[in-house]
Amino acid sequence: MGSEHRMATFPPAALVDALTFRYATKRFDAARRIDAETWNALEQSLVLTPSSFGLQPWRFLIITDPVVREELVAHTWKQRQVADCSHLVVMAVRKTVDEEYIDRFVARTAEVRGVAVESLAGYRRMLAGSTDAMTVEWAAKQAYIALGQFMLAAAMLGVDTCPMEGFLPNKYDEVLGLEREGLTTAVLCPAGYRAADDKYASIAKVRWAAEDVIDRRD
């Protein structure tokens, strides 16, 4: 359908059901694995994440090596989710966005859209003139957009997740060799399936009532 408006392929209630199903999983079933088709869709949810300027200043590391994940437990305040989940997503971001990266992005834009790189000269100048604002803090905010999209996509497919900030970024960077790539760990998201004995799966969500957080100004 290209750029045409697409009708929703699922009822609105399905979205609310998925969000109600989702919770920050404390205990994963270490014996269960996400199947390849489902995981491929979840990876695409990461690839398709929107970002400021469209620059995608991130790398998503998918850690399935059990030895590496056990090593990371010690750097995650002893939280077992990173070892017991099916797939551990480490969302790393660029420490700097330089003109070389912008040139690569502009070339990619030209390739995907079938236009000459030269036709994007004005766009490139705008991006290059904005690099001072593209700090590591800015990049981390972009990673949180990816985190939210990934968690929703997982919930829609019946996959559990747990967003995690409780870790030592410098240790993650060291174990995963990110420093030499100019990257740093921003946030984690283990994904898999909840353990039968995770008591938090059945505890009611505590949220403010809609009228306390939604301000309609008709």
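## Burial and overall make-up

Of the 218 residues in the chain, 39% are buried. The model is a predicted one. Its accessible surface amounts to about 13100 Å², and carbon and sulfur atoms account for 55% of that area. Taken along the principal axes, the box filled by the C-alpha atoms is roughly 60 × 50 × 35 Å.

The chain contains nine helices and four strands. Read from the N terminus, the order of these elements is α-α-β-α-α-β-α-α-α-β-α-β-α. When contacts between residues at least 6 apart in sequence are considered, 80% of them join residues at least 24 apart.

Four aromatic pairs are found in a search of the whole structure. One of them is formed by W39 and F150, whose ring centres lie 6.0 Å apart with the planes at 75°, so the arrangement is edge-to-face. Because W39 belongs to helix α2 (residues 36–47) and F150 to helix α7, this pair ties together parts of the chain that are 111 residues apart in sequence. Both W39 and F150 are buried.

The patch covers about 560 Å² and is made by F10, L15, V16, L19, L152, M156 and L157. The largest contribution comes from α1, which provides three residues.

M156 is one of the patch residues and is located in helix α7. Its relative accessible area is 31%.

T185 is placed in strand β4, which spans residues 183–192. Its relative accessibility is 5%, so T185 counts as buried, the limit for that class being under 20%.

The side chain of T185 is joined to that of D173 by a polar contact of 2.8 Å. Leaving aside residues up to four places away in sequence, T185 touches V90, M91, A92, F167, P169, Y172, D173 and L178.

Notes
Residues numbered from 1 in each chain as written. Predicted model: local features only at pLDDT ≥ 70, side-chain atom pairs only at ≥ 80, totals over all residues. Heavy atoms only, no water. Patch = residues over 30% accessible without salt bridge, like charges linked within 9 Å, V, L, I, M, F, W, Y side chains within 5 Å. Areas by Shrake-Rupley, 256 points an atom, 1.4 Å probe, with all protein chains shown as cover. Salt bridge = Lys/Arg side-chain N within 4 Å of Asp/Glu carboxyl O. Helix = DSSP H or I, 4+ residues; strand = E, 2+ residues; numbered from the N terminus. Buried < 20%, exposed > 50% of the residue type's maximum accessible area, 1.4 Å probe, protein only. Polar contact = N/O pair within 3.5 Å; in protein donor to acceptor, adjacent residues only side chain to side chain. Contact = heavy atoms within 4.5 Å. Phe/Tyr/Trp six-rings, centres within 6.5 Å; stacked < 30°, edge-to-face > 60°.
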